[in-house]
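The following exercises concern single residues and their surroundings. Please examine the sequence and the structure before reading each solution.

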Amino acid sequence: MPILVTSPSRELHSHNMDMDDKRRKQTKGSDFKSRLQRRSSQSPNTERLSPEMILWSQSLERLLASKYGMTTFQAFLKSEFSDENIEFWLICEDYKKIKSSFRLSSRAKKIYKTYIEAEAPKEINIDHKTRDLIRWNVKTPTTVCFDEAQRIVYRLMEKDSYPRFLRSNIYRTLLDSASDYIKV
């Protein structure tokens, strides 16, 4: 029976790659925090942003209503590999604005294939009943055919992602850097 012999250099290379991956994961959050600190200290809008950032903690609705809040929340979700919910929610907001029935139909099919159907590339977490309802609605789409899924996703973000965001180093660092800027 053949025996696999690995050279020490291959093992060392593999070990180094594992260590690099660990370092990248550990520094991913701190890199983002550093960029936020640099950006906020260089930005003339920081003074205006600070009260706005405090409002973000009042509700998910306030956070999503803010251009900077939305961007920061998206970056947070992306750093946690859970950005499909906010992407779906935003796409639904854009979808509701479509006037052309042809565009409505083609966009509905694309949203369904990307977020709703089982095993979709960015499948969102919704119940089977809602999934079936949307499957039916997409056959003759209207601007409200994704509303129930959008409500479910919003509640998930409100109860799970949003509280984690408020406790995150990303949000805390942003608040600290803004308050430091105002003190100066």
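**Exercise 1.** Determine where E119 is found and whether E119 is buried or exposed.

*Solution.* E119 is found in the loop between helix 6 (101-116) and helix 7; helices are DSSP runs of H or I with at least four residues, numbered from the N terminus. With a relative accessible area of 75%, E119 is exposed, where exposed means over 50%, buried under 20% and partly exposed in between (1.4 Å probe, protein chains only). Phi of E119 is near 70°, a positive value in a residue other than glycine. Most residues other than glycine have a negative phi.

The model is predicted: local features need pLDDT of at least 70, side-chain atom pairs count only at pLDDT 80 or more, and totals for chains, interfaces and linings use all residues. Residues are numbered from 1 along each chain as its sequence is written, and side-chain values use heavy atoms, with hydrogens and water left out.

**Exercise 2.** State in which loop F81 lies, and describe its phi and its accessibility.

*Solution.* F81 lies in the loop between helix 4 (67-79) and helix 5 (84-95). F81 is not a glycine, yet its phi is positive, at about 55°. The relative accessible area of F81 is 68%, so this residue is exposed.

**Exercise 3.** Locate R131 and list its contacts beyond four places in sequence.

*Solution.* R131 belongs to helix 7 (residues 128-137). R131 counts as buried because its relative accessibility is 9%. Leaving aside neighbours within four places in sequence, R131 is in contact (heavy atoms within 4.5 Å) with Y112, I116, E117, A118, E123, I124 and I126. The C-alpha atoms of R131 and A149 are separated by 7.9 Å, and these residues are 18 residues apart along the chain.

Technical notes
Helix = DSSP H or I, 4+ residues; strand = E, 2+ residues; numbered from the N terminus.
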